[in-house]
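Good morning. I will go through one structure today, sheet by sheet and then helix by helix. Please have the sequence and the 3D view open.

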Amino acid sequence: MQFHHHGYVSGDPSIHPPAGFGIDRPAELPDEMDVLIVGSGPAGMIAAAQLAQFPNINTRLVERRPGRLEVGQADGIQARSVETFQAFGFAERIIGEAYRITEMAFWKPDPRNPRNIVRAARTPDDATGISEFPHLIVNQARVLDYFAEVARNAPTRLEPDYGYEFVTLTVAEEGEYPVTVTLRHSAGRLDGQERIVKAKYVIGCDGARSKVRESIGRRFVGVQSNHAWGVMDVLAETDFPDIRTKCAIQSHDGGSILHIPREGNFLFRMYVDLGEVSEGDNGKVRETSQQEVEERANRILHPYTLQVKHVAWRSVYEVGHRVTDKFDDVHPGHSGTRTPRVFITGDACHTHSAKAGQGMNVSMQDGWNIAWKLAHVLDGRAPESILDTYSAERQVIAQNLIDFDRQWSALMAAKPEELEDLTQLEEFYVETAEFPAGFMTQYAPSMLVADAAYQEIATGFPVGKRFKSNVVTRVCDANPKHLGHHATADGRWRIYVFADTPAAGEPSKTADLAEWLRTAPDSPLLTHTPDGTDIDSWFDVKVIYQQDHTGVDLGKVPAVFLPKVGPFQITDYERVYASDPADDIFAARGVSRDGVVVVVRPDQYVAHVLPLDARHDLAAFFGGIFVHRLSAL
């Protein structure tokens, strides 16, 4: 975290001074706004936390509940999400309170006595080091609390507007605020009364029964499964030995359990297989009592027993695998004819089982994806055409999730005799570990992602995939740091310059690139950064030298890597790094010793990989995204 460059900060540096719409922010929902977010689930709250960083964007979030969520449905936090939390500034805190999954146990019928279950295998949760971040379990309500804190402490002081239920919306073809939204008070003295507001854009984060989705004519494509599960968060007394370990439990004839320990060391969650559901059930299975779920759980766990003492939350659901036909209000076949104004995220556009632990995680990436793009448009950085990339990028990811979850759910529900091999479930878990961890996402080429023409010079940074961090040494203080952890959710693009072999101060391609970035008329820093703002306001440029930090002379490092920032124009020394001898980033990420430029989007995905001398390509790439130089915003 960086602070003090605007003057001494005596309090909590994570609380930013109010600015723009955060100064005297009206308590009441205004009649007009730039962005209206509907729903305070994971997608809605991350979108709010991101947009709240932009003082000149008026964002409001409405939620039909009268207050914060107290008991969340989701609890699995994949490593990619923890990486995202790092960007928003609360990864360490949430790791401290969460349950950490380090391995998974697989229980199966005892071959000698199939009525009993026995532990058949244990598998490490991340045997190959997919991420430096852990796999966590924590209540969704706490995740929302953290994002709410980020939004509240941001310059715009964004707070949810509770007690508003979305009714419908219409989109006009023109006007400054073309989206007209009808809301209904759902709590308080005005309960039941309707209210009309107008917005430039609306983000629908209102769940599987989304009224925003209905309002724009989007529909789910897919089928409802004929398999039901009972889920319960409970405190219980049991002799089952792996009660504090994540488990997949398959019985001979009683079905299956996915068992997940919860934070706090006592609570745990069980997804209990309730079996096949007849076609004419019409939702009757959802009336299954808690007693029936507990009885089924004991049958599966035999010879072990489970005595529930307290139920914190429970539900019964049928697995559905569905995705909407598009994630915005521009109908298929009309893309490019007008700008999308309404977007849907999370469960509003994709539903699946909870057993793969993906719902909250994928929803957050939906919300972040559309939020930074809207910020670019509304903050005057980029044209409206970048908004078309939201549906194009995220619909593919949702379909991949549906396909994965269909396989995982089928394996979890299968009886042992239905499997080709009794080890099939654990093998699938290990072989596909990168997908549920959140790291298989790879965006296709677009205006925001270049083609992979130069991929061979940085094989460990695949274009379109998230930037995989690595330890480097910060030259100014010799501290080891993960390079990617310095990238916060501030809307900036990252330009990582991996230097060629000559040392700082010697003639090199790195020095030539640095001079071009600092002085050339077509440099993205000079072409796009607004007048009157710091040179790093839109672009965060860092250099990583191949030498040990003792071989990098800060006095000879090009000026573009040591920008002067803030009202006092103080040098920022945290842009210069050296490869760590114990974990050379060039070797670890397949980076050419001839030097490489890696461009990373605000949401941590690699957008381009280039040689150091491909300056025209770098300028052209940003020229296709950004507007030209603006006056200070």
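Let me start with an open sheet of seven strands, in the order β20-β19-β25-β22-β21-β26-β27, where the pairing is mixed. Keep in mind that this is a predicted model. Which strands are at the edges? They are β20, residues 479-482, and β27, residues 606-611, and each of these pairs on one side only. From one strand to the next, the twist averages 30°.

The strands of a sheet are paired through backbone hydrogen bonds, and the pairing is either parallel or antiparallel.

Strand β19, residues 471-474, runs antiparallel to β20, and four bridges join the two. Look at Val 472: its bridge partner in β20 is Lys 481. Val 472 also stands opposite Ser 579 in β25. That belongs to the pairing of β19 with β25, which is antiparallel and has three bridges.

On to β25, residues 576-579. Which residues of β25 are buried on each side? Val 576 and Ala 578 are buried on one side, Tyr 577 and Ser 579 on the other, and in this way both faces of the strand are covered. With β22, β25 pairs in the parallel sense, over three bridges. There, Tyr 545 is the residue opposite Ala 578 of β25.

Helix α13, residues 615-623, lies across β21, β22, β26 and β27, and its direction is at about 160° to β27.

For the record entry: an unreviewed UniProt entry annotates residues 441-628 as "domain: Phenol hydroxylase-like C-terminal dimerisation". Over residues 441-628, the chain is 15% helix and 21% strand. The end C-alpha atoms of that stretch are 31 Å apart.

Next, another sheet. This one is open, has three strands in the order β3-β7-β4, and its pairing is antiparallel. β3 and β4 are at the edges with a single partner strand each, so one side of each has no neighbour in the sheet. Two bridges link β3 and β7, and Ile 77 has Leu 136 in β7 as its bridge partner.

Is Ser 131 buried or exposed? Its relative accessible area is 13%, and buried means under 20%, so Ser 131 is buried. Leaving out residues up to four places away in sequence, Ser 131 touches Ala 79, Asp 126, Phe 439 and Arg 466.

Helix α4 covers residues 140-153, and its 14 residues should span 20 Å at 1.5 Å a residue; the end C-alpha atoms are 20 Å apart, which agrees. Ten of those 14 residues are buried, so α4 is largely enclosed by the rest of the structure. Among them are Leu 144, Tyr 146, Phe 147 and Asn 153. What covers the buried residues of α4? The cover includes α1, β3, α2, α3 and α7.

Last is α6, residues 290-301, with twelve residues. From first C-alpha to last it reaches 16 Å, close to the expected 16 Å. Its buried residues are Gln 290, Val 293, Glu 294, Ala 297, Ile 300 and Leu 301. These cover an arc of only 120° around the axis, which puts them on the same side of α6.

That is the end of the tour.

Methods
Residues are numbered from 1 along each chain as its sequence is written. This is a predicted model: local features need pLDDT of at least 70, side-chain atom pairs count only at pLDDT 80 or more; totals for chains, interfaces and linings use all residues. Side-chain values use heavy atoms; hydrogens and water are left out. The expected span of a helix is 1.5 Å times one less than its number of residues. Buried means under 20% relative accessible area, exposed over 50%, partly exposed in between (1.4 Å probe, protein chains only). The arc is that of the directions from the helix axis to the C-beta atoms. Two strands pair if DSSP finds at least two bridges between them. Axes are lines fitted to C-alpha atoms, for helices over the stretch in contact, and angles run from 0 to 180 degrees between N-to-C directions. Contact means heavy atoms within 4.5 Å. UniProt positions are given in the numbering used here, feature names are shortened, and annotations may be inferred rather than shown by experiment.
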